[in-house]
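Let's walk through this protein together, from the overall fold down to single residues. Keep the viewer open and turn the model as you read.

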Amino acid sequence: MRAVVQRVSSASVEVDGRTAGAIAEPGLLVLVGVTHTDTRAEAAKLAAKLWGLRVLHGEKSCSDVDAPLLVISQFTLYGDARKGRRPTWQAAAPGPVAEPLVDAVVEELRALGARVETGVFGADMKVSLVNDGPITLVLEF
């Protein structure tokens, strides 16, 4: 499981001209990619890491200051462009495998007490954000 985490002042995701999820205050935007061998245990580890990650101002975490998270599925995190000019997506898990695991990350975060907004799995999403810092991290489990 792979995630790109950005500290944001605000962020939103739009699907078909409508806002699917948004955070209007400082928090984290998290793009989550799933590969074939990922499990629910890795989803739980990722959620715990995101909830406790001390990258907000003052070295605080979302759990410290009740900051929101916007979690968006992103299969392209497993794209491979080492050969040629067209990426391959072979390492990305198919929807029936990936969707329950992205949902598991969200469920685990909420179980920890997080306020979580989401995109729409498999949709053509338009993501907007105000990167705060900028701080961008890649996490892998």
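Predicted model: local features only at pLDDT ≥ 70, side-chain atom pairs only at ≥ 80, totals over all residues.

Helices and strands here are DSSP runs, numbered from the N terminus: a helix is H or I with at least four residues, and a strand is E with at least two.

Residues are numbered from 1 along each chain as its sequence is written, and side-chain values use heavy atoms, with hydrogens and water left out.

Now step back and look at the whole chain. Its C-alpha trace spans about 40 × 35 × 25 Å along the principal axes. The radius of gyration is taken over C-alpha atoms, and the globule rule is 2.2 Å times the number of residues to the power 0.38. For 141 residues a compact globule would come out near 14 Å, and the chain's 15 Å agrees with that. Contact means heavy atoms within 4.5 Å. Among contacts in the chain with a separation of 6 or more, 74% are between residues 24 or more positions apart.

What about the surface? Accessible areas come from the Shrake-Rupley method with a 1.4 Å probe, and for residues only the protein chains shown count as cover. The chain's accessible surface comes to about 7600 Å², and carbon and sulfur atoms hold 50% of it. A residue is buried under 20% relative accessible area, exposed over 50%, and partly exposed in between (1.4 Å probe, protein chains only). Buried residues make up 40% of the 141 in the chain.

Ser 61 sits in the loop between α1 (40-52) and α2 (62-65). Is Ser 61 buried or exposed? Ser 61 is buried, because its relative accessible area is 2%. Leaving out residues up to four places away in sequence, Ser 61 touches Trp 51, Gly 52, Leu 53, Arg 54 and Leu 56. In helix α1 itself you can find Ala 41, which counts as partly exposed at 47% relative accessibility. The C-alpha atoms of Ala 41 and Val 105 are 9.6 Å apart, though 64 residues separate the two along the chain.

Next, go to strand β6, where Asp 132 lies. Asp 132 is buried, with a relative accessible area of 15%. Beyond its neighbours within four places in sequence, Asp 132 contacts Arg 7, Val 8, Ser 9 and His 57. In the loop between β5 (116-118) and β6 you will see Gly 122, which is exposed at 70% relative accessible area.

Finally, look for the largest pocket. A pocket is an open set of points on a 1 Å grid over the protein atoms alone, where a 1.4 Å probe fits, with protein on both sides within 12 Å along at least five of seven lines; lining residues have an atom within 4 Å of a point. The largest pocket is lined by 22 residues, and Ser 73, Gln 74, Phe 75, Ala 123 and Met 125 lie nearest its centre. β3 gives the most to this lining, with four residues.
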